[in-house]
Amino acid sequence: MLFDNHIHTKYSADSTMSPVAALRRAQELGLGLVFTEHFDWEFPGNKEFGFDAEAYFAEYAPLRGFGLRLGAEIGIAGDTAAKNREFVGNAPFDLVIGSLHLLRGADLYYAEAYEGLTRKEAYTMYFSDMAEAIRAQGEHFDVLGHIDYIARCAPYENKDFAYREFADLIDDVLGAAIDKNVVLEINTRRLGEPAAVDLLVPVWKRYRELGG
């Protein structure tokens with residue numbers, strides 16, 4: 001069965017989706033699902049990106065096995081290794097995604113995170129922080145989430161990046177992931193954009209070339 005491994009429901013601060021509705025639609029499409037609810041320590045802003053794992057499993061465990069697995073998406077920015085280790089270790093997650101959503105403590109989704117930074121400086125920080133985070137806590141998660149997240153959010157005229165532009169930095173990220181036995185996610189969010197696919201395919205191929 002083909003699984004969509006990156007799904008948020010009502011346990012994530014940015015979603016209100018019903019688990020039953022999600023499963024019903026997945027069954028229509030012949031898909032399995034892994035719910036990966038957000039858990040991001042000390043996230044800035046008014047929304048709390050965290051959830052009660054005990055309540056999560058109590059509610060969703062009866063649905064587990066019917067094409068459903070239960071996981072989490074943890075934020076890996078900053079000094080979160082010890083907290084993430086405790087959170088992941090105290091719940092029987094089937095899959096854990098590790099994602100970088102912050103740039104030096106600021107939410108990458110908003111333009112304020114990039115203030116005072118050139119495009120090159122911001123993207124260099126992003127990939128450097130990602131590689132460092134993987135090395136610090138790659139043992140706490142299974143999948144590296146959306147390596148291209150910054151390309152969705154950055155306020156620069158050219159949001160996207162080519163592998164050749166940041167080759168050494170991206171190789172560092174991919175090498176760290178491989179060393180920690182972390183799988184590179186192929187996030188489907190932008191697969192409908194041919195230009196984005198053309199830029200992402202070399203990154204995925206490079207991951208394979210390096211042994212991923």
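## Ground rules

Residues are counted from 1 along each chain as its sequence is written, and side-chain values use heavy atoms, with hydrogens and water left out. Since the model is predicted, local features need pLDDT of at least 70 and side-chain atom pairs count only at pLDDT 80 or more, while totals for chains, interfaces and linings use all residues.

## Helix 4 against helix 6

Two packed helices are described by the angle between their axes and the distance between the axes. Here, helix 4 (residues 119-137) packs on helix 6 (residues 167-179) at an angle of about 15°, and their axes are 9 Å apart. That makes helix 4 roughly parallel to helix 6 (angles under 35 degrees count as roughly parallel, over 145 as roughly antiparallel, 65 to 115 as roughly perpendicular and the rest as oblique). The axes are lines fitted to C-alpha atoms, for helices over the stretch in contact, and angles run from 0 to 180 degrees between N-to-C directions. Helices (H or I, at least four residues) and strands (E, at least two) are DSSP runs, numbered from the N terminus.

This crossing is left-handed, meaning that the near helix is turned anticlockwise from the far one by less than a right angle; clockwise would be right-handed. On the helix 4 side, the residues in contact (heavy atoms within 4.5 Å) are Thr124, Phe127, Ser128, Met130, Ala131, Ile134 and Arg135, and they meet Leu169, Ile170, Asp172, Val173, Ala176 and Ala177 of helix 6. By class, the contact of helix 4 with helix 6 has nine nonpolar, two polar and two charged residues. For that tally, Ala, Val, Leu, Ile, Met, Phe, Trp, Tyr, Cys and Pro are nonpolar, Asp, Glu, Lys and Arg are charged, and the others, Gly among them, are polar.

## Helix 6 against helix 7

Helix 6 also packs with helix 7 (residues 194-209): their axes come within 10 Å and cross at roughly 45°. That makes helix 6 oblique to helix 7, and the crossing is right-handed. Ile170, Asp171, Leu174 and Ile178 from helix 6 meet Val203, Arg206 and Tyr207 from helix 7. These residues split into five nonpolar, no polar and two charged.

Asn84 sits in helix 3 (residues 81-89) and is buried, at a relative accessible area of 0% (buried means under 20%, exposed over 50%, partly exposed in between, with a 1.4 Å probe and protein chains only). Its side chain reaches the backbone oxygen of Gly75 at 3.0 Å. A polar contact of 2.7 Å also links the side chains of Asn84 and Gln137; the term covers a pair of N or O atoms within 3.5 Å, where, within protein, one must be able to donate a hydrogen and the other to accept it, and residues adjacent in sequence count only if both atoms are side-chain atoms.

Asp160 lies in the loop between helix 5 (149-153) and helix 6. Asp160 is buried too, at 16% relative accessibility, and its side chain makes a polar contact with the side chain of Arg190 (3.1 Å).

## Loop residues on the outside

Arg104, in the loop between strand 5 (102-103) and strand 6 (106-107), has a positive phi of about 50° although it is not a glycine. Asn181 has a positive phi of about 60°, and is not a glycine either. Arg104 is exposed at 55%, and Asn181 is exposed at 67%.
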